[in-house]
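Subject: Structure for you to look at

Hello,

Here is the structure you will be working with. My notes on what was found in it follow below.

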Amino acid sequence: MTVLFYIFAAAGAIVFQTTFTEYFFVWTTARPDAMLLATLYIGVRRGPESGLVTGFFLGLLQDILSGGLLGSNSLSKGLLGYLTGGLVRNIARRNWFFLATLGFFTTLFDVALWALLSLLFQPELGISTNYWFDSLKTTILNTVLAPFAIHLLSIIEGRIVPSSLGVPYPNRS
């Protein structure tokens with residue numbers, strides 16, 4: 001049942017990324033990275049291995065849907081899912097400030113790694129100044145949305161998944 005919920009959360013992130021982010025673009029001229037937010041949530045809730053697998057597959061789907069450099073998002077989101085899952089074991093994960101900071105730094109890492117891989121594998125294209133400006137807006141948007149997305153998914157998971165299954169790390173909740 002828990003795995004099924006995470007599959008639906010990933011599918012919801014894909015739908016959100018491909019459809020609803022246009023509304024954010026109209027309001028803020030930036031698009032949140034729903035795949036990254038879903039990866040953060042699963043890394044926070046299930047640990048580094050689940051975060052790695054989820055981040056890799058969501059990143060691969062994002063690469064396929066965006067038509068960009070194949071493998072760059074899967075690498076960055078897989079690494080971020082693993083690092084988030086490992087970091088959260090030692091830190092209280094219900095703190096809103098921590099979740100916002102986590103959203104900020106993971107988005108910065110995602111942006112920087114994508115730029116590095118793009119320069120490495122597609123040097124003739126280069127990186128425009130608009131990319132950095134748009135990435136800054138996306139970083140701010142993900143920073144604001146990360147605590148809300150993670151807590152919303154936690155509430156939905158608490159209502160859907162039976163409490164008899166327990167939480168992944170009951171002593172850290």
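Some ground rules. This is a predicted model, in which local features need pLDDT of at least 70 and side-chain atom pairs count only at pLDDT 80 or more, while totals for chains, interfaces and linings use all residues. Residues are numbered from 1 along each chain as its sequence is written, and side-chain values use heavy atoms, with hydrogens and water left out.

Overall fold

The protein has 6 helices and 0 strands, taken as DSSP runs numbered from the N terminus (helices: H or I, at least four residues; strands: E, at least two). Of its 173 residues, 43% are buried (buried is under 20% relative accessible area, exposed over 50%, partly exposed in between, with a 1.4 Å probe and protein chains only). Counting contacts (heavy atoms within 4.5 Å) between residues at least 6 apart in sequence, 69% join residues at least 24 apart.

Asp63 belongs to helix H3, residues 48–66. Asp63 is buried but has no salt bridge, and the nearest side chain of opposite charge, Lys77, is 7.1 Å away. For charge, Lys and Arg count as positive and Asp and Glu as negative; His and the chain ends are not counted. Neighbours within four places in sequence aside, Asp63 is in contact with Gly68, Leu69, Leu70, Gly71, Ser72, Asn73 and Ser74.

Leu65 is also placed in helix H3, but Leu65 is exposed, with a relative accessible area of 52%. With neighbours within four places left aside, Leu65 is in contact with Ile14 and Thr18. Thr18 is 47 residues from Leu65 along the chain, and their C-alpha atoms are separated by 8.4 Å.

Salt bridges

A salt bridge is a side-chain nitrogen of Lys or Arg within 4 Å of a carboxyl oxygen of Asp or Glu. The whole structure has 5 of them.

- Lys77 pairs with Asp33, with the closest N and O atoms 3.1 Å apart. Lys77 lies in helix H4 (residues 72–88) and Asp33 in the loop between H1 and helix H2 (34–46), so this pair ties together parts 44 residues apart in sequence. Both Lys77 and Asp33 are buried.
- Glu157 pairs with Arg45, the closest N and O atoms again being 3.1 Å apart. Glu157 is in helix H6 and Arg45 in helix H2, so the pair ties together parts 112 residues apart in sequence. Glu157 and Arg45 are buried.
- Asp134 pairs with Lys137 at 3.5 Å between the closest N and O atoms. Both lie in helix H6, 3 residues apart, about one turn of the helix. Asp134 is partly exposed, at 36% relative accessible area.

Asp33, Lys77 and Asp110 are linked in a network of salt bridges.

Regards
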